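Visitor: I'm new to this one. Can you walk me through a few spots?
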Amino acid sequence: MDMDMDIPKGTIVFTTIGRPHYGFDVFSTPLPLNLQEFSEHRLTDGVSVNFNAQFIGPDEQHRLVYVSERSGSSQIYLDSEPLPYSAPEISLFHDRPIVRDGHLYFISAHETSDASFKSWSALYTLQLDVDDAAKTKTLSRLTPYGCVDYSPSLSQSGDLVAVASYGFRPWAGEFHHLETDIVVFRLSDPTNRWLVCSQGGWPTWSGDSVIYFHRQADDGWWSIFRLDLPSKFDLSPPPAPQRVTPPGVHCFTPAAMHNRPQVAVATRRKGDTFRHIEILDVESGEFYPVTKFLNPNIHHYNPFVSPQSGFLGYHRFRGGDSGEGESIIPNLNLVSSPVKGLRMARVNGGFPSVSPAGDLIAFNPVFDSNGGVDIVKSDGSKRWSLLKGRTSFYNSWSPKEENVIFTSIGPIFDSVKATVQIARISFDFKGDGEDDVEAEIKILTKEETGNNAFPSCSPDGKSVVFRSGRSGHKNLYVMDAVEGEFKFNGGIRQVTEGPWIDTMPSWSPDGKLIAFSSNRHNPENAEAFSIYVMSPDGSNTRRIYVAGAEGSEEVDRERINHVCFSADGEWLLFTSNIGGVTSDPVSLPNQFQPYGELYVTRLDGTGGLRRLTWNGYENGTPTWHPVPVPELVNSGDKLLGRFDEPLWIKCDF
């Protein structure tokens with residue numbers, strides 16, 4: 001049976017941390033010999049986000065191969081056109097492209113890994129200059145199956161390839177600093193792989209015998225290291241790598257030059273909140289700032305250098321006031337789906353919830369004191385505020401009462417004792433007119449009961465299940481949907497109890513089950529959650545095993561959150577970490593946690609696991625509605641590029 005035919009259709013709406021604000025374009029500057037005068041030129045056209053580029057051919061041609069998400073997923077483009085054979089078409093993730101001698105080299109995640117907690121990322125090559133009959137036969141995998149590779153680099157001669165690799169090891173669970181190794185092989189013999197250095201990422205060749213890479217040094221500073229390889233390519237261990245950047249400055253994502261003793265790096269310095277591109281002279285140890293003078297208050301990422309070292313490139317936010325390129329963050333934008341008939345859309349906010357009629361989507365624009373609850377038409381054309389100036393998160397429509405939404409008001413990540421309350425929002429909505437809609441806010445939980453969050457309304461509209469810390473542990477409760485726990489003669493009951501965390505409950509469409517995330521199988525680990533389902537009275541609780549069989553090591557590594565049901569109640573949608581990490585997190589802004597891909601699996605435990613997203617971002621808070629979204633309208637906020645460096649990169653040593 002074709003599983004795509006079996007998976008229910010409809011629309012999945014979700015959020016991606018930071019991604020709507022990126023507005024990346026690729027820029028370049030000539031590299032003068034004195035490294036003192038720079039002028040910036042935009043190389044991409046301002047459509048969607050464009051990043052992780054490389055120059056093609058001689059400097060004067062200024063041709064570019066890069067990644068763009070204009071099609072709804074990460075695809076490879078040559079200048080302004082998609083590479084016609086950046087196949088396979090089923091891949092929703094391509095990255096780090098290189099074009100050399102009529103071949104494309106790139107990372108793809110289209111092949112399922114051989115085990116849970118292994119990334120799908122691997123290196124492929126595609127011959128570009130072939131006749132029509134051979135086009136579908138030229139794709140070759142250079143990474144052995146079962147092995148994981150990132151960040152390819154070709155030597156000056158084009159004979160040698162360096163990658164950051166896990167080899168055949170599973171992902172250990174780290175995220176801030178991937179524990180990859182530097183591996184080298186010949187294009188003529190990709191199965192003969194040479195591990196030249198443990199603990200390194202983002203390799204870049206200088207000539208055919210020197211590799212630079214980044215890793216976090218023992219003193220905590222991300223640094224660039226140099227590795228000198230023996231002139232003869234054999235299996236003898238090379239000398240230990242030498243650190244070439246000092247403590248006191250973070251240095252990432254190097255791009256070495258073949259004919260100069262210089263490396264372009266992205267840096268973060270004390271007192272500067274922005275990432276900038278600098279040139280390091282490895283002989284003198286001197287840094288030459290580049291983008292600090294061009295755009296002091298913009299982040300710059302992932303430098304690359306032309307073959308003759310005449311140009312330096314990078315990507316950055318294109319600027320919201322330039323008048324060039326897209327300048328609007330759509331309220332909703334379509335994302336490529338691997339399942340025919342299942343539409344996927346990203347909302348510019350968090351915790352989307354679709355109204356019963358499918359005409360409106362409620363969501364939280366931000367998770368701070370400037371937040372609240374907004375609603376938007378399901379075509380993205382018009383947006384209103386229901387609640388403003390209150391930290392709010394997680395939303396659930398009443399299936400029976402018109403224009404009633406339940407939400408959580410209070411800090412999103414806090415202790416069991418923090419004051420977070422379940423609120424019922426009812427509003428009068430005409431569908432046009434003013435920017436704000438008059439709404440009534442009714443608090444359903446008592447202030448002294450601590451952390452109450454993640455409400456889900458029952459299909460009959462009479463009850464709300466939610467998580468509460470009132471007992472000292474975060475367990476699940478059910479209360480009256482109109483009066484809450486203030487209902488006369490009791491409006492609340494506890495349905496789970498134990499010294500663990502039960503959270504993010506979701507009611508099944510027929511009202512017979514509640515799905516939720518819990519660490520009850522290992523309460524000591526507050527980061528490992530799995531899916532559980534139970535009857536609404538708390539009985540018949542069972543675990544849904546996703547990453548492996550019951551009792552296996554893999555299932556206790558599951559980090560599964562944001563679970564919800566399909567319209568027919570036979571499938572579960574959730575976010576998970578079981579696919580490992582798709583790309584180096586230090587090369588991206590705003591990525592916090594490694595459980596950011598969407599999956600579906602069967603409720604009955606018979607499998608059917610299917611991955612829905614592949615990218616380097618954190619995707620989350622999905623909802624699944626049976627009605628397809630209409631054609632989307634490009635309406636939304638002004639694109640301002642407001643995203644930050646990862647919070648785990650510290651400069652206050």
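Predicted model: local features only at pLDDT ≥ 70, side-chain atom pairs only at ≥ 80, totals over all residues.

Visitor: Let's start with charges. How many salt bridges does the structure hold?
Guide: The structure holds 29 salt bridges. Side chains of opposite charge can pair when their charged atoms come close.

Visitor: Give me one. What does K118 pair with?
Guide: K118 forms a salt bridge with D114. The closest N and O atoms are 3.2 Å apart.

Visitor: Is K118 buried or exposed?
Guide: K118 is buried, at 6% relative accessibility.

Visitor: Next pair. What about R424, which residue does it bridge to?
Guide: R424 bridges to E401, with 2.7 Å between the closest N and O atoms. R424 lies in strand 35 (residues 421-427), while E401 is in the loop between strand 33 (392-397) and strand 34 (404-409), so the pair ties together parts that are 23 residues apart in sequence.

Visitor: And how covered are those two?
Guide: R424 counts as buried, at 9% relative accessibility. E401 is partly exposed, with a relative accessible area of 28%.

Visitor: Which residue does R611 form a salt bridge with?
Guide: That would be E597. The closest N and O atoms of R611 and E597 are 3.9 Å apart. R611 lies in strand 48 and E597 in strand 47, so this pair ties together parts that are 14 residues apart in sequence.

Visitor: Where do they stand on burial?
Guide: R611 is buried, with a relative accessible area of 3%. E597 is buried too, at 5% relative accessibility.

Visitor: Which residues are linked in a network of salt bridges?
Guide: D25, R42 and R318 are linked that way.

Visitor: Now a charge without a partner. What's up with D281?
Guide: D281 is buried yet has no salt bridge. The nearest side chain of opposite charge is R260, 8.6 Å away. A salt bridge needs the nitrogen and carboxyl oxygen within 4 Å.

Visitor: Where does D281 sit, and what does its side chain lie 2.9 Å from?
Guide: D281 is in strand 22 (residues 276-281). A polar atom of the D281 side chain lies 2.9 Å from the backbone nitrogen of E283.

Visitor: Pick D604. Where is it found?
Guide: D604 is found in the loop between strand 47 (597-602) and strand 48 (610-611). With a relative accessible area of 47%, D604 is partly exposed.

Visitor: What about F351, what's its phi?
Guide: F351 has a positive phi of about 50 degrees, although it is not a glycine. F351 lies in strand 29 (residues 350-354). At 7% relative accessibility, F351 counts as buried.

Visitor: Now distances. How far apart are S506 and C564?
Guide: They are 58 residues apart in sequence and 5.5 Å apart in space, C-alpha to C-alpha. S506 is in strand 41 (residues 502-507). S506 is buried, with a relative accessible area of 9%.

Visitor: And S327 with S355, how far apart are they?
Guide: Those two are 28 residues apart along the chain, and their C-alpha atoms are separated by 29 Å. S327 is found in the loop between strand 25 (311-317) and strand 26 (328-330). S327 is partly exposed, with a relative accessible area of 32%.

Visitor: Last one: N489. Buried or exposed?
Guide: N489 is exposed, with a relative accessible area of 73%. N489 is found in the loop between strand 39 (475-480) and strand 40 (492-494).

Visitor: How far is N489 from I107?
Guide: N489 and I107 are 61 Å apart in space, C-alpha to C-alpha, and 382 residues apart in sequence.

Note on methods
Residues numbered from 1 in each chain as written. Heavy atoms only, no water. Helix = DSSP H or I, 4+ residues; strand = E, 2+ residues; numbered from the N terminus. Buried < 20%, exposed > 50% of the residue type's maximum accessible area, 1.4 Å probe, protein only. Lys, Arg positive; Asp, Glu negative; His and termini not counted. Polar contact = N/O pair within 3.5 Å; in protein donor to acceptor, adjacent residues only side chain to side chain.
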